[in-house]
Amino acid sequence: MAVTIDLAGRVAVVTGGTRGVGAGITRALLTAGAEVVICARRAPEKPIEVDGRTARFESLDIRDVDAVAAFFARLRRSHGRLDLLVNNAGGSPYGLIAEAGQRRAARVVELNLIAPMTVSLSAYELMRQQEGGGSIVMIGSVSGTRPSPGTGPYGAAKAGLENLARTLAVEWAPAVRVNTLVLGMVRTELSHLHYGDEEGIAAVGRTVPLGRMAEPVEAGDACVFLASGLAGYISGASIAIHGGGERPAFLDAANVNQPAPGTGRAEPRED
C-alpha cells in the first residue's frame with residue numbers, strides 16, 4: 001500500500017533554503033503541502049515553486065540574535081504557529097586550520113553550531129506553546145563523524161550540532177522532537193566547484209556504495225517524514241543519508257581478494 005504524507009496546514013521554516021540542499025528540502029516540503037518560509041542573507045535567483053505553490057522568502061542573518069528573535073515574532077503574527085524547523089544553513093570554505101587562522105575558524109563554528117542553537121531556541125518558544133508541539137531537524141554531515149581535513153572547524157561544529165540535537169530531544173520532550181540528518185555527498189548546482197566536471201562528479205559518486213551522490217530532494221524527503229505523524233516516536237535520532245557511507249581505504253590498499261565495489265562478491269586482483 002502506498003503511503004502519502006500530507007503536511008497541508010503545517011508551517012515549516014528552512015534556514016538557507018534558497019539553494020542546494022536547502023532548496024531541495026523546500027521543494028519536498030512544498031510537494032507535501034506545507035507552507036514554507038525560507039530565510040537566508042540573499043534571496044534566491046527565482047522563487048522556489050512547486051505546482052503553483054511558492055515558498056515565502058525573508059532575508060535573515062541567522063548569526064544575528066536580535067534579527068532571529070524578530071523573524072520568529074513576525075512568523076507568530078503571520079502564521080500563528082510553527083510545526084517544523086530545518087536548520088540547514090551552514091557551510092565552510094576549504095582551508096587547513098593552521099593556515100585559515102583563528103577568526104575564520106570561529107566564524108565557521110558560529111555559523112554551523114551557535115547559530116542553529118540560537119534559531120532553535122527561538123523556534124522552541126513558539127512550538128512549546130502550541131497544541132501538537134513541533135519538530136526540529138538539524139542538517140548534520142558525515143564530516144562530524146570522521147576526520148575532516150581541510151574543514152576541521154566545520155566537522156567539529158557538525159559533531160557538536162548532533163550532540164546538541166540529542167540533548168535538546170531530552171530537554172524539550174515531549175512537546176518538541178529534535179533529530180539530525182547526517183548527510184554525505186549531495187549533488188547540487190555547486191558540485192562542480194568541489195569535484196570538477198561531469199566525469200569527476202560521476203567518479204566521486206562511484207566511491208559511494210550506492211554508486212552516486214544524493215540528490216537534494218532526498219534530504220527533503222527525510223525532513224517530510226520527520227515532520228509527519230509517522231515519525232511521532234522518533235526523537236534524538238541521527239539518520240544517515242549517505243548512500244552506505246565510505247568504502248574503507250584499507251580495502252583498496254590490501255593485497256587480498258575483496259568484494260568489488262557494488263558487487264558484493266570477491267574479484268581476483270592482479271598486481
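## Basis of the assignment

A residue is termed buried when its relative accessible area is under 20%, exposed when the value is over 50%, and partly exposed in between. The model is predicted. Eight salt bridges are present in the structure.

Glu58 and Arg56 form a salt bridge in which the closest N and O atoms are 2.6 Å apart. Glu58 counts as buried because its relative accessibility is 13%, a value under the 20% cut-off. Arg56, with a relative accessible area of 31%, is partly exposed.

A network of salt bridges links Arg56 and Glu58 with Arg74.

## The Arg81–Asp83 pair

Between Arg81 and Asp83 there is a salt bridge with a separation of 2.7 Å between the closest N and O atoms. Asp83 has a relative accessibility of 10% and therefore counts as buried. Arg81 has a relative accessible area of 25% and is partly exposed.

## A link between distant parts of the chain

Arg146 and Glu246 meet through their side chains in a salt bridge, at 2.9 Å from N to O. This pair connects distant parts of the chain, the two residues being 100 residues apart. Arg146 lies in the loop between strand S7 (134-141) and helix H5 (152-171), while Glu246 belongs to the loop between strand S9 (238-241) and helix H9 (249-253).

Arg146 is partly exposed, its relative accessible area being 33%. Glu246 has a relative accessible area of 52%, so this residue is classed as exposed, the cut-off being over 50%.

Conventions:
Residues are numbered from 1 along each chain as its sequence is written. This is a predicted model: local features need pLDDT of at least 70, side-chain atom pairs count only at pLDDT 80 or more; totals for chains, interfaces and linings use all residues. Side-chain values use heavy atoms; hydrogens and water are left out. A salt bridge is a side-chain nitrogen of Lys or Arg within 4 Å of a carboxyl oxygen of Asp or Glu. Buried means under 20% relative accessible area, exposed over 50%, partly exposed in between (1.4 Å probe, protein chains only). Helices (H or I, at least four residues) and strands (E, at least two) are DSSP runs, numbered from the N terminus.
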